[in-house]
There are 2 protein chains.
Amino acid sequence: MTAKSFHPPVRTLMGPGPSDVSPRVLEAMARPTIGHLDPAFVSMMDELKAMLQYAFQTRNELTMPVSAPGSAGMETCFVNLVEPGDKVIVCQNGVFGGRMKENVERCGATPIMVMDDWGKPVDPNKLEDALITHPDARTVAFVQAETSTGAQSDAQTLVKLAHDHDCLAIVDAVTSLGGSPLKVDAWEIDAVYSGSQKCLSCVPGIAPVSFGPRAVERIQNRKGKVQSWFMDMSLVMGYWGGGAKRAYHHTAPINTLYAFHEALLILQEEGLENAWARHAHNHLALRAGIEAMGLQFVVEEPYRLPQLNAIAVPAGVDETAVRAELLNRYNLEIGAGLGALAGKIWRIGLMGFASNQTNVLNCLGALEAVLSDMQAPIQPGTAIAAAKSVFGAG
Amino acid sequence: MTAKSFHPPVRTLMGPGPSDVSPRVLEAMARPTIGHLDPAFVSMMDELKAMLQYAFQTRNELTMPVSAPGSAGMETCFVNLVEPGDKVIVCQNGVFGGRMKENVERCGATPIMVMDDWGKPVDPNKLEDALITHPDARTVAFVQAETSTGAQSDAQTLVKLAHDHDCLAIVDAVTSLGGSPLKVDAWEIDAVYSGSQKCLSCVPGIAPVSFGPRAVERIQNRKGKVQSWFMDMSLVMGYWGGGAKRAYHHTAPINTLYAFHEALLILQEEGLENAWARHAHNHLALRAGIEAMGLQFVVEEPYRLPQLNAIAVPAGVDETAVRAELLNRYNLEIGAGLGALAGKIWRIGLMGFASNQTNVLNCLGALEAVLSDMQAPIQPGTAIAAAKSVFGAG
């Protein structure tokens, strides 16, 4: 084959991530590369860290971006905090709880699974039962915002339960950070990870993490070395820790960090609470349109994530064909279901830069047109007006 | 602190990497983000893979970029090929052989160290002795191009020795790929990893890897799961493997892959042998200037990497001050020594896009000016002419 320079089509990204990236972020990323030990770069790292602490609502010193995607952020939390022989209680209500289980097993530890239906939040009572049954468990892990279902769990309550039973809590905040409330210090979360490409609307490839004082103490008291050299926080912090002197660990992804710095700057300019409110408002408008069409949400209202809307595929509709039509006719990407929900749902993201009125209205219009053409059982002609009435009331 | 958009200074990157990035690569990276399962993106991945096979000179199907920096590429090779209880012979002649040892230990295996002095190549006789002494070893690992010293080892000979003793060979080609000869198939290398930010002159954050048929067979016959979920090749290949259907594993670093695609395209346009010749030629010019100044190379000529030149710091010269002056007065970054060579050497990179006549002459001029101002024991006024005479003869 003869390769040519790659010019991607211009899409609107309303799937489960990556979300649309602001031109400001793309432009920042394209600035000239400098060295990872350049004093100018080190100053940028300090700013980035402070803004990341703000996004996480934490003063944790051990707050930094892992130089790899969100799933490496997950693995960083597990390999540093879990030791062989440990018991870890994993709450699963979607794909990513299952990935946590894989991580626990690969650390040589035993996962104790607390299962909830996909689309439901984690049930605190089940977690409490597991904690009572397994008093030797050292860690609890759960997903605050399940990207595979759009369900939100009550992180504060789950963390408190973990602490009441002398466990540390590892929290997956991949889809929540920047899009809906997450308060690492107020909720006393011990370890948390996220991704760059969801509600922060940065390019993919960076996984912000933060470790609280109990987690740091556990890392310092480990019996053995962390099984991953690349993800060993005790080594990485020689580079990301404060002070003028930075020890080389690995070569940081310089330009992606320019992009991440810009994305965090945009969040700071808007204000975290304003960003949460914007995500909530756009969700309400999308919901009005979706319900006007006669489509159903998968998750019950109190547990719905505003930034990730799981919609049931109507009976008889070929969900793959719908997504292909949206992509081909409208350059619009929405997400498919994963695992147990594959073929049964669509996932419509309203994340970060992509969470705006134009996208809500375009998505509703495109979805209505495609479904109507396929003679799907929907109520046409009402979705846009329903959404607009919410925006009008904003 | 009040953060602002980060505008890096414009540097010339002549350290051990990252190297200067072509404007073409920066521009490609800033194109609009699309989804990691978008058909347009999947086509780009196929092109990228074919060009990466060309760069590695391999037909290995299992050739792809790991979504993380070079040190994660190293770890990917070790965690997939090494199992607990294995014996691995690690040849060390610099920093990165030591990092290999760390990887072996963290896989629960036993490293057998074959030590050579820093700045020397790996001695094949010592490797052969170790293979005879340890007939139960399953793997040999070495660095083809030691980034910490600029020494090149004879990869073909070392791999053949490994095979003669029924071992697989893992080769670190972080600094060689694209800059000096590396022939994965002809030399029958079983597993190789590199970085994006050296002689390919892409931004940092991507680690190309390739696994040959013996390595694939070993991965398929593993007794246990790979300890890293993120780096488990059997899972990653569901996404990077051929065919139209790609299974989600993790979210690929989309825009960095645009950049990597463009960097590989530039290499293909130039031609691999032409790139090797250019690196060799610019090294000769730099060498002429360095020697005219009266400075000494650390590595003997037959083993010198053209893309990474280790120069001994003259007696009485404050090496840190010299680098600071080069950065502040000339926006020129060169590298410091690492580990045993810290404070004793400079590392001058002539890698990829940065390996050109302008950089050679600017670097010699700046180094001469700074050293003269510090009254260092050098021969002034001859370096530029010496280098130009090499270019004139080109």
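Let's start with two strands: β2(A) and β10(A) (residues 207-211) run antiparallel to each other and pair over five bridges. Two strands count as paired if DSSP finds at least two bridges between them. In this pair, Val66(A) sits opposite Ala207(A) of β10(A). The strand and helix names come from DSSP runs numbered from the N terminus (helices are H or I with at least four residues, strands are E with at least two).

Zoom out, and you'll find both strands in an open sheet of seven, ordered β2-β10-β9-β8-β5-β3-β4 in chain A, with mixed pairing. At its edges stand β2 (62-66) and β4 (110-115) of chain A, which each pair on one side only. On average, neighbouring strands here are turned by 15° against each other, direction ignored.

## What you're looking at

This is a predicted model, where local features need pLDDT of at least 70, side-chain atom pairs count only at pLDDT 80 or more, and totals for chains, interfaces and linings use all residues. Residues are numbered from 1 along each chain as its sequence is written, chains are lettered from A and ligands numbered from 1 in the order in which they are written, and side-chain values use heavy atoms, with hydrogens and water left out.

## Helices in chain A

Helix α4(A) (residues 95-106) lies across β3 (87-92), β4, β5 (139-143), β8 (168-172) and β9 (191-193) of chain A, and runs at about 165° to β3(A). Such angles run from 0 to 180 degrees between N-to-C directions, using axes fitted to C-alpha atoms, for helices over the stretch in contact.

Now take helix α7(A) (residues 213-220): its buried residues are Ala215(A), Arg218(A) and Ile219(A). They fall within an arc of 100° seen down the helix axis, so they line one face of α7(A). That arc is taken from the directions from the helix axis to the C-beta atoms. Buried means under 20% relative accessible area, exposed over 50%, and partly exposed in between (1.4 Å probe, protein chains only). The face of α7(A) turned away from the buried side carries exposed Pro213(A) and Gln220(A). The buried residues pack against α3 (70-81), β5, β8, β10 and α8 (233-240) of chain A.

At 5% relative accessibility, Asn282(A) counts as buried.

## A sheet of four strands in chain B

Chain B has an open sheet of four strands, in the order β1-β12-β13-β11, with mixed pairing. Its edge strands, β1 (12-14) and β11 (308-312) of chain B, have a single partner each, so one side of each has no neighbour in the sheet. Neighbouring strands are turned by 35° against each other on average, direction ignored.

β1(B) and β12(B) (residues 332-336) pair in the parallel sense over three bridges, and Leu13(B) has Glu333(B) as its bridge partner in β12(B). Helix α12(B) (residues 357-373) packs on this sheet, touching β1, β12 and β13 (345-349) of chain B, at about 85° to β1(B). Contact means heavy atoms within 4.5 Å.

## Two copies together

Chain B can be laid on chain A with an RMSD of 0.0 Å, by a turn of 180° and a shift of 0.0 Å along the axis. The copies are thus related as by a two-fold rotation axis. The superposition is by least squares on C-alpha atoms of residues with pLDDT of at least 70 in both copies. In chain B, the C-alpha of Ala68(B) comes closest to the axis, at 2.5 Å.
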